[in-house]
Amino acid sequence: PYFALAEKIGRKLSDAGFSVISGGGPGIMEATNKGAFEGRGLAVGLNIDLPREHPSSRYQHISLRFKHFFARKVMFVRFATAFVVLPGGFGTLDELFEILTLLQTRKMRKHLTVVLFGSQYWDEVVNFDALVRHGTINAEDLKIFHRTDSVDEAFDIVTRDLTRYAMAERGATL
């Protein structure tokens, strides 16, 4: 059910001038790249060589191949200004928690907006409130990311945050 939404998100960001980067594989990654590919921006796939992985999606203007996950994650972080994370498996969770950890520990030189798309999925898969209750993260850490079920709201969060942080770097405020 998230395929069509991923395609819409990819297209909306692409039409706004963003290059859209995904893992380059099938499913949601392909949907995101397809939307971006059909839009105005670039569709980029950061493909990983895996024994059971399908071939790269055909909806990529730029396709980069990686042997190791760590190098691929560095590229995601290096070139991203925002992450819109849709439901996924272990790889998605690994990449999400890497980003959240870097933001929480302030080990990044830039601010990255993180939007978790699909509230029901994220509420079932990760009990963030339990992490606060158990004292493993602070309540403030829940402000590192946003949750939504709306393509338009995800887009608005990304563009609003980018505008806010760009102005803050210039010493202005909104």
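This is a predicted model: local features need pLDDT of at least 70, side-chain atom pairs count only at pLDDT 80 or more; totals for chains, interfaces and linings use all residues.

Residues are numbered from 1 along each chain as its sequence is written, and side-chain values use heavy atoms, with hydrogens and water left out.

**Sheets**

Helices (H or I, at least four residues) and strands (E, at least two) are DSSP runs, numbered from the N terminus. Two strands pair if DSSP finds at least two bridges between them.

Axes are lines fitted to C-alpha atoms, for helices over the stretch in contact; angles run from 0 to 180 degrees between N-to-C directions. Contact means heavy atoms within 4.5 Å.

A further open sheet of 3 strands runs S4-S5-S6, also with parallel pairing. Its edge strands are S4 (82-85) and S6 (145-148), each pairing on one side only. Here the twist averages 20 degrees from one strand to the next. H4 packs on this sheet, touching S4, S5 and S6.

| Item | Value |
|---|---|
| S1 and S2, parallel | 3 bridges |
| S5 and S6, parallel | 4 bridges |
| H4 direction with that of S5 | about 145 degrees |

Bridge partners include isoleucine 21 with valine 44 in S2, and valine 114 with phenylalanine 145 in S6.

**Pocket**

A pocket is an open set of points on a 1 Å grid over the protein atoms alone, where a 1.4 Å probe fits, with protein on both sides within 12 Å along at least five of seven lines; lining residues have an atom within 4 Å of a point. The second largest pocket holds about 390 Å³ of space. Of its 19 lining residues, Leu103, Arg106, His111, Lys143 and Ile144 are the closest to its centre. H7 gives the largest share of the lining, 4 residues.

**Salt bridges**

The structure holds 10 salt bridges (a side-chain nitrogen of Lys or Arg within 4 Å of a carboxyl oxygen of Asp or Glu). One of them joins arginine 72 to glutamate 95, with the closest N and O atoms 3.3 Å apart. This pair links distant parts of the chain, from helix H3 to helix H4, 23 residues apart.

Definitions and conventions. Grid points are joined across faces, edges and corners, and a volume is the space filled by probe spheres set on the points.
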